[in-house]
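Trainee: Could you walk me through reading this one? I would like to learn the features step by step.

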Amino acid sequence: MDECLIFGTGASAAKDYDGLKRVVSCAATCGIRMFDTAPSYGVEEILAKVIFDVSQEKGLSREDFIIQTKIDAWQMVEGNVEKFVDCALQKMKLQYIDNLLIHWPLPDFLDDTWNKMKLMKKSGKVRKIGICNVRTRHLNLFDKRGVSPDIIQIERNPLRTCEREIEFCKQKGIEIQAYSPLCKMDRRLADSSVIKKFSEKYNKNIGQIILRWHLDTGVSPIFTSTKDYRIREYMDLFDFALSEDDVAAISALNINYKYYLESCLCPGF
Amino acid sequence: MNKRRFVCVLATVSAIAMIVGCFSLFPKLLPLVLTFFVLLGVLFILNRTVLKKLYSQRDPFKIGGKVRNVDYLIIGDMINPATIIPASKTFVQIKAPNRGLLVSFEILRHTSSILDEDNGNVIIATTLKNKTDDKFSVFDIPFLYNLSIKKLGIERLSKLSRYPALINPLSSIKLVLNLDKKNWKETECPNKEISIFCTERNFNLSYYEN
Ligand SMILES: NC(=O)c1ccc[n+]([C@@H]2O[C@H](COP(=O)([O-])OP(=O)(O)OC[C@H]3O[C@@H](n4cnc5c(N)ncnc54)[C@H](OP(=O)(O)O)[C@@H]3O)[C@@H](O)[C@H]2O)c1
């Protein structure tokens, strides 16, 4: 699949029907078709309803949208993953989930969950399966064990470029999604002289330059906003591309900053 | 005035009335009761200070925190970092009196992502008598994920962790006064699992014993 912009419904997103409907409708008008959620975001059901309503209004069908959700850590621990997915399908009134990802690779429960996800993919309940929050260490291990995700989703932005992971996935043909692609517009990015320079050069704002950097490095950014104007702005980046040198200059901002410390949310990471 | 405030005020007024009533009936009780209240006050202050200290140790790990990629992560008993790492290096320390080796490992499993991924160093320091100790204390709870608390069966301890000074007064005093132990010796880590954990993640492991 080609890189595209994905709209996220995590912590910084709108949580009520009206708020979500407004941004999803705006995103859909701008051409966004892929939406990311998780049980822990508390909006799976609302998002599905919003997508259904928006698709009706815009004359689109279910097949036009890609709905991506996750298996949360607590669900992995409980173990009955199929039941949770059935429940999600029922709640969301869906026949299938496009992408199902493991939210955190809890070492003790990973194999069991993954095997169940593979079965769900086989049965058609789920189209693609993947894992979030992995490093090359995990990917190498998966590779050795014959675990091959269709998608990985990692925290990535110019402050954390994850070059090794990107290289690995490109070699193996794994789709790469970047969450927190703007690092919540951290001051170190918003005030970066490098990005400001490109902002002037390409006549685009800081956010657009960063999202373009993701696309130009072969990664689909999952961004979110509660503001319509920002969603429109962030979709207006398909009329330019960064030069190789400019991509490299942005990548050089890497300090491996992590907004989320993985081991705190995934012990034994 | 909201309902909670009203109940608080009412409880305070009734307590004062009861105490005054008691003293007029039994004046000899006064010193005893005063001592009790002074002790209660001290315990309260100690508790707040310990909690503050514990949460300041946890601060670097918060979502969106700015402390990342440190050179050293020091976990375990009361050891003075200045005696074991170069002054120029960055570090985060998670210490508590008499923290055992296995508990330190569990905390490491929850906190290792703060380390520099290519040059991170783990230091674990435990006393000989706690070498095989896997008993969690109230001081460990802030560093554990809620699913782990459940898995480890320490939910009750977790509830009590709001009152460290009450549950563990002596260790609380040691923590607040920063009473580091002396005469630490670097030796081989007795737990192979910890060594493997660190090797797999490219961390250098040092183990200190007292
Ligand atoms: N798999 C995982 O573990 C995981 C973890 C975290 C997130 N995610 C997914 O990734 C999605 C995006 O994550 P994120 O929220 O961290 O992404 P982000 O796009 O980096 O940050 C979004 C936040 O940045 C703000 N923002 C954007 N542009 C701005 C600007 N120019 N100036 C000031 N503020 C600006 C937005 O505020 P406004 O609302 O004001 O625009 C919003 O609060 C989530 O919704 C979720 O779906 C996955």
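This is a predicted model: local features need pLDDT of at least 70, side-chain atom pairs count only at pLDDT 80 or more; totals for chains, interfaces and linings use all residues.

Trainee: Which elements each supply at least two residues of the lining of the largest pocket?

Mentor: Chain A brings α3 (73–78), β8 (220–223) and α11 (228–235), and chain B brings α4 (146–151).

Trainee: What is the volume of the largest pocket, and which residues are the closest to its centre?

Mentor: The volume comes to about 910 Å³. The lining counts 38 residues, and Ala11(A), Ser12(A), Ser180(A), Lys184(A) and Tyr260(A) are the closest to the centre. Sorted by class, the lining holds 17 nonpolar, 15 polar and six charged residues.

Trainee: Now the strands. In what order do the eight strands of the chain A barrel come?

Mentor: First the general idea: strands of a sheet pair through backbone hydrogen bonds, either parallel or antiparallel. In chain A, the eight strands close into a barrel as β1-β2-β3-β4-β5-β6-β7-β8, with parallel pairing. From one strand to the next, the twist averages 30 degrees.

Trainee: How many bridges link strand β5 and strand β6 of chain A?

Mentor: Three bridges pair β5 (residues 126–132) with β6 (residues 151–155) of chain A, in the parallel sense. To find your place in that pair, look for Ile131(A), which stands opposite Ile152(A) in β6(A).

Trainee: And in chain B, which strands are the edge strands of the open sheet?

Mentor: The open sheet has five strands in the order β2-β1-β3-β5-β4 (chain B), and its pairing is mixed. Its edge strands are β2 (91–95) and β4 (185–187) of chain B, each pairing on one side only. Ignoring direction, neighbouring strands of this sheet are turned by 25 degrees against each other on average. Inside the order you will find β3 (residues 121–126) and β5 (residues 204–209) of chain B, which run parallel and are joined by six bridges. There, Val122(B) has Leu205(B) in β5(B) as its bridge partner.

Trainee: At what angle do α4 and α5 of chain A pack?

Mentor: Helix α4 (residues 81–92) and helix α5 (residues 110–123) of chain A pack at about 45 degrees, their axes 9 Å apart. The two helices, α4(A) and α5(A), are therefore oblique to each other. In the contact, Val81(A), Glu82(A) and Val85(A) of α4(A) meet Thr113(A), Lys116(A) and Met120(A) of α5(A). The residues of this contact split into three nonpolar, one polar and two charged.

Notes
Residues are numbered from 1 along each chain as its sequence is written. Chains are lettered from A and ligands numbered from 1 in the order in which they are written. Side-chain values use heavy atoms; hydrogens and water are left out. On a 1 Å grid over the protein atoms alone, a cavity is a set of points where a 1.4 Å probe fits but cannot get out, and a pocket is an open set with protein on both sides within 12 Å along at least five of seven lines; lining residues have an atom within 4 Å of a point. Grid points are joined across faces, edges and corners, and a volume is the space filled by probe spheres set on the points. Helices (H or I, at least four residues) and strands (E, at least two) are DSSP runs, numbered from the N terminus. Ala, Val, Leu, Ile, Met, Phe, Trp, Tyr, Cys and Pro count as nonpolar, Asp, Glu, Lys and Arg as charged, and the others, Gly among them, as polar. Axes are lines fitted to C-alpha atoms, for helices over the stretch in contact, and angles run from 0 to 180 degrees between N-to-C directions. Angles under 35 degrees count as roughly parallel, over 145 as roughly antiparallel, 65 to 115 as roughly perpendicular and the rest as oblique. Contact means heavy atoms within 4.5 Å. Two strands pair if DSSP finds at least two bridges between them.
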